[in-house]
Structure formats: structure tokens, C-alpha cells
Amino acid sequence: MSKLTPIFASGLLTCSFITVAQESPKHYQSFTGFTGLVNTPSAEVLDAGEIDIGYNNQLDYRGSEFVDGHNYIFAAGLWQGLEVSGQIAANTMHDNMFRAHILGDKQIRDLSFNAKYQIPFIPSNWFNLAIGGKDIGGAANQYESYFVVASKDWLDFRFSTGVSTSKSTIGMMDGVFAGIEWQPLDWFALQVEHDADALNAAARVTVPKAWLFDLGTLTLTSRLYSSTDHSDKDTFYGINFSMPLSEQSRADYQHVKPAPDNAGVIAHLSEQGVHSAESVRVATSTPDNSALSAQSIDSRSTQAVNVSELNAEIRALKQALVTDGFENVQVGMNREPVIVVKFENPVFNRNDIDAIGVVLGRVAQYISNDNAKFTVQLGKHDIPLLALSGRVSSYRQFITDGTAPGLVIRQGMMDVPGGVGWIGDGAVNSPYFKPRLTLSPALSSTYATELGVYDFSLALRADLEIPVWRGAGVNITAQTVVADTEDFEPGDTFESRREQNGLERAVFYQTFDLPFGFYNQTQVGFFREYYDYTGIINETAWVSPSGRHKLYNNYGFFDYEDFDGDRDYHVMGYQYHWVEQDITFHLSGGEFWQEDKGMKVETKFWFGDSYVSLYAYDTDVQVAGVAFSIPLTPRKDMAVSEYGQVKGNQAWRHGVSTRIGEDSNALVYKKGYTPETSITLDRTYLNQGRLSGSYVYANLARLREAYLTYK
């Protein structure tokens, strides 16, 4: 190595000491899959909801030397203090490793899972402490290591030290390690570390976020120097792009201030799921003066109401909701007065809470009577899903001042007050016989196999839904292949996993809302699960009054058209929604599509309308994986016209998995799998498991933000 490199780095480091720190150094991704320096981790982690996609060419070849290769790293902050990442390490991109081994060219192509957790409860002015592991679980672990590390920020420096154990034959991350990060400028940082084997130095340059239209942060890294004797070159480089997974995470909204007279009652209602007309009065009174307050409310509600003025206001309200794109809109009132609104949401397809926020905001905007109450019913295809009640004046104060509103929420059908007169000729803007076309990618892929780092088959999928009557409709799905890598082409290795041209699904569905929180949906029609089947799927689900708990039973029977090859599956499951942390836990078990029997667990970490999930299943194989779901459509879609609607997929999911508990890492295909269409109870009616009073209470700030954004 040229002597100029360390001399230049040392000189730059010395000259930069004149800079005065303005804030703590930023955290960066290391070359080895963690937030850290070059080869070593720091005790910092990605913020919850932040993702980082990186590439570098410093390949650790089986822990014995560093060569010019490829590292692809995807990292995400799942929870406060928890960071996970997946890494693909490979010598080449597309070489056939079977052929290479025969020719004596030993290559590596490895997929590993990494995790790091920052220990809480340590005062922030002391230091940060984290534990972590690399290449956890899986089979044929090439890079398994475990560590504990502490970091301390001082001015614009960060000092890190720790101890680790690893399988590295050269001793990297096998013993005590330490490092110093120095960020004299917002866009420039220097790093020096000892990785338990060698001394390394690197420089990082960050592209200003404004240059990238505020989408994210781009960082360029170069390892300038290393004292290792196990490298075929002195300089390696890397590039990383980081961004928040969703713009609609809770951290992005103004905090809702508690209302001093009803915050405790609202929290109690959220936990117990108590929803009655009398609860509205309780929620607006103080504990010591409940009788007096209720009497005062009753006396005010009997005051004279300007009926003509109120009529004009609710007519304007109804027109505004239709203009917003809502369907099945009904608005009425009685003389108390109670304003009653029924609507369906075909435009805020990412999340029904945005539609609820806009409708409640419209009520507060158009109804001027401070004594008026309201009841709002959200439905889907004439099936009632969620009802919200409260006082117009309280909700208006929530919009203007950000104080918690006195909402009472119940699952399913609302209690319609007596004496309601409806404005106009019934419901306006019927949802029926209007086609809704959803366009999205369909992707089948493999990672880090002996045939390539990444192989895929990509198709453009068109999903057509036509509602025909209450809870019923037709769903047709077709697709056309856009691109295949060589290994996915017809006649090649992964042909059986290839996306196919033509019709994928053609079903009729019927959904029922049953008493006591039960829902049932049946789908009958054509299913292409590689072969052509005529099938029936039936799902029954129960949702608790608070919406935190869900039980479901899913059964399917499929008749193969060409010979006696019938299939059936039967899976039962449970979901718990920890609304305070926006995390859902899923447990299911039974007999799956491939006749594999066992259990499946999954945890979804939600960030707005996106999530990152960790899952595992144990059927006739043991598999663990990570998946993500993102919306591929605007937050507000185009309104449904008489000719229909075109939109994107509100929840497109993709995942990567690997075998665990075995010595080999053979590919697994459609284990722990059940067929489904784009019309399901969870996706179409229950807002991906988030349509509940508990969820609304936990996301009040988003109600307000949605109205202020789209009013």
C-alpha cells in the first residue's frame, strides 16, 4: 500500500481538530451488516421505522481473507432499540457454483440474518450498550459471531469498545475491539477502529437529503487503510441509502394533549370496549359531578334548534362527503340534535383511519351547533364495521387545539338514535357494479443460491373487483410476465416458480356480518396454483369488542380439473394487536396447502401503513424469514366514477426466508402456505387487522392530521 494514504488520512484528521462540535455524530452502516464503523459495530441502532439498503465490495471470504466481492445488506429498525438486517455475501453475481466447484474455483454465496438490541434503562448521559449477533440461526453458518458493545458520544466524537466471539480464522471480531468516529461536518466523517485483528480507517461522505428531494440519505464510504495481512487490496468502497419506511408513522404527528375531564374515561372505554349511548354523557363529565353534568347536557340539548339552518348544514355536509369520493353516503339528524352519517371508504385505501378522520373533520367543519352530537358509521358493501360517537364541539376543539376528543367507539353496527330524518333520497353514490382495477407487481425470486445472487420472475398483475350486492362481488385476477432472469425462463431450473401469463383467479365472494362480532366470507371459483383448480375458500373470524383480539378459522377445498388430485387445507389462528406499540402478533396452525402440518408464528412491526415482519414456521421443515409490506398507491386514490377506478396495491408484500436447525440450506417453496385472493376479511373489511376502537384511540393524532391534510 502506498504510504501516502495513511499520511493523508492522519493529516486530514489533525487539521480537522479545529472544528467545534454542534451535535453528536450520525450513525452509519458498517461493511459487515450492523450500525457501526468498518468491521465493528457501535452501540447505536437504526431508529424505529428506518430502513437502510447498502452495498460494499469488501467480501469476507469464509473468515480467512478479504477479497473483492459483493455484500448486499438490508437493515431495518423494527422497534425502539431493535435493529435487524439481512446480508448476502458472494464472490460473483451469476456464476454457477456447481460448475465452479468442479473446476476448483471455490466460491461463496451466503445469506445471513443479523440482529442488534440496544439495552434500555441506561441513562442517556452515561453511555449506550448493545448486544448482537451475526449469521444467527440458519444452516451452514459462515459468519456466526456474537458481541456486546458500549458507545459514548463526546462533542462530535463517538467512542466504542466491546468484546465478541466469532468463527473467523483470522481473528476478526474474536476478542476485544474498539473504534473512534469523528464527524467534523454534517456531511463528512472519519472512522478508525481495531477489529480484534487489524487497524482500519475509513472516510464517509453523506449527500444532503435536500439533493434527493427529501426522500432519504445517501452515504458513500471508502476504507482508506487497513493493517491486515489478509486482504488482496487496500481500498474497498460502499454505498448506503436510508429512509423512513413510512411517512405516516406516529412519530410524524403532533402529540394529542389529554382532555382533563375525560382522558381517564376514554382510556377505560378503549380497554373495556364499553360502547353505549350513556357513555357519551359519562365521557364528557368529571367524576365528581357526573349527575350535574348529565343534567346540564340534557337541558342544553332541549334548547331550541334552528332546524332550517341545521338542514342547510347537513345538506352541505353530505355534498362535501360525496365530493371527497365516499360511497353509500347517508346523512340525517333528529331534533336533539344528533347528526348521523353513514359512509363507505373507496379512496383512502391504505388505511380506513384517514377516511374516518376526514369524515369526522367534515362534521366539525359544517355543523355549527355546539350542542349537537354525532354518530358516524363506517361500512363496506353495506356491512357495518365501526361506529364512532361524540360531541361536535369537543371534536372541533380537537381539530383546533389538539386536545383529545370524547369519542365513544363500537365494533360493528351503531345504535341509531330515534327520530332520525334522512336528507335526500337515501344513500348517494352506490358502490355496486362499478369496477375497481388494482395494478401491482407479482414477484417470485430466489436469493443467494448456487445459481446466482438474485434470480426473479416479474409480472404485472391486474386485479378487477366488481361489488354486486350487500357483501358480495366478483374478483378476477390476471397477469402478464414482464421479465425473467435466465434461471426462471421456461425449461430452466426455477421454471416451476416462474410467474405465468394469463388468468390467476376468477371467484365470486359473499361476506356476512354475524352477531357477537363474527364475520364470514366464502369464495368460489377458479384458482391457478401452478395447476388449474376449481375451489372454495371459507373464512370465519371473530373480533373482540376492543379489536385487540381476533380468532379465525380458514378452510379450503380444491378440485383438480384434469385428474383426481384434490387438495384441502384447514388452518386456525389467533391475532393480538398491541395498539400502543403498533405491533401485531399472529399464531396459526393446522394443515397447509402442501399437506404440511404444523405451526406458524409472525410478528408485524407497523410503521404507518407499512410493516416489517419476522416469521417462522415448523411443518415438515423449519423456516425463519423476514418480510415487508408497503403501499404502492397514493394515500388518497382517485374517486370511483361511473366507469370505475384504477389504483395501486395498498399492501404489497415481499419476503426472504431460510431454513433453520439443519446442516443444509435447500430452498423451500410454499410451505406453511394457504391460497388467497385480494378479497379477504382482513384486507377488504378489517383494515389489515387494524379496524378497531383501540386502534383509533391509539392513533388520534392521525385522525386530526388526515383532515387537516385533505380538508
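**Ground rules.** I number residues from 1 along each chain as its sequence is written, and I use heavy atoms for side-chain values, leaving out hydrogens and water. Because this is a predicted model, I take local features at pLDDT of at least 70 and side-chain atom pairs only at pLDDT 80 or more, while totals for chains, interfaces and linings use all residues. Helices (H or I, at least four residues) and strands (E, at least two) are DSSP runs, numbered from the N terminus.

**Entry 1, helix H6.** I checked the length of H6 (residues 307-323). At 1.5 Å a residue its 17 residues should span 24 Å, and the end C-alpha atoms are 24 Å apart, so the two agree. The expected span is 1.5 Å times one less than the number of residues.

Next I listed what is buried (under 20% relative accessible area; exposed is over 50%, partly exposed in between; 1.4 Å probe, protein chains only). In H6 I found Leu310, Glu313, Ile314, Leu317, Lys318, Ala320 and Leu321. Seen down the axis, these buried residues fall within an arc of 160°, so they line one face of H6. The arc is taken from the directions from the helix axis to the C-beta atoms. An α-helix has 3.6 residues a turn, so residues three or four places apart point the same way. On the face of H6 turned away from the buried side I noted the exposed residues Ser308 and Thr323.

I then looked up contacts (heavy atoms within 4.5 Å). The buried residues of H6 pack against strand E13 (327-333), strand E14 (338-344) and helix H7 (352-366). Just after H6, Gly325 has a positive phi of about 105°.

The axes come within 9 Å and cross at roughly 150°. Axes are lines fitted to C-alpha atoms, for helices over the stretch in contact, with angles from 0 to 180 degrees between N-to-C directions. H6 and H7 are therefore roughly antiparallel (over 145 degrees; under 35 is roughly parallel, 65 to 115 roughly perpendicular, the rest oblique). I recorded the contact as Glu313, Ala316, Leu317, Ala320 and Leu321 of H6 with Val359, Arg362, Val363 and Tyr366 of H7.

The axes of H8 (residues 392-401) and H11 (residues 700-710) come within 10 Å and cross at roughly 80°. That makes H8 roughly perpendicular to H11. From H8, Tyr395, Phe398, Ile399 and Thr400 meet Leu700, Leu703, Arg704, Tyr707 and Leu708 of H11.

I found Val392, Ser394, Tyr395, Phe398 and Ile399 buried in H8. They cover an arc of only 170° around the axis, which puts them on the same side of H8. The buried residues of H8 pack against H7, strand E15 (373-380), strand E16 (383-391) and H11. Gly402 follows H8 and has a positive phi near 80°.

Thr477 counts as buried, at 4% relative accessibility. Its C-alpha atom is 5.8 Å from that of Ala462, 15 residues apart along the chain. Leaving out residues up to four places away in sequence, Thr477 touches Arg461, Ala462, Asp463, Leu503, Glu504 and Arg505.

The peptide bond from Glu336 to Pro337 is cis, with omega near 0°; Pro337 lies in the loop between E13 and E14. Phe121, not a glycine, has a positive phi near 70°. Phe121 is exposed, with a relative accessible area of 81%.
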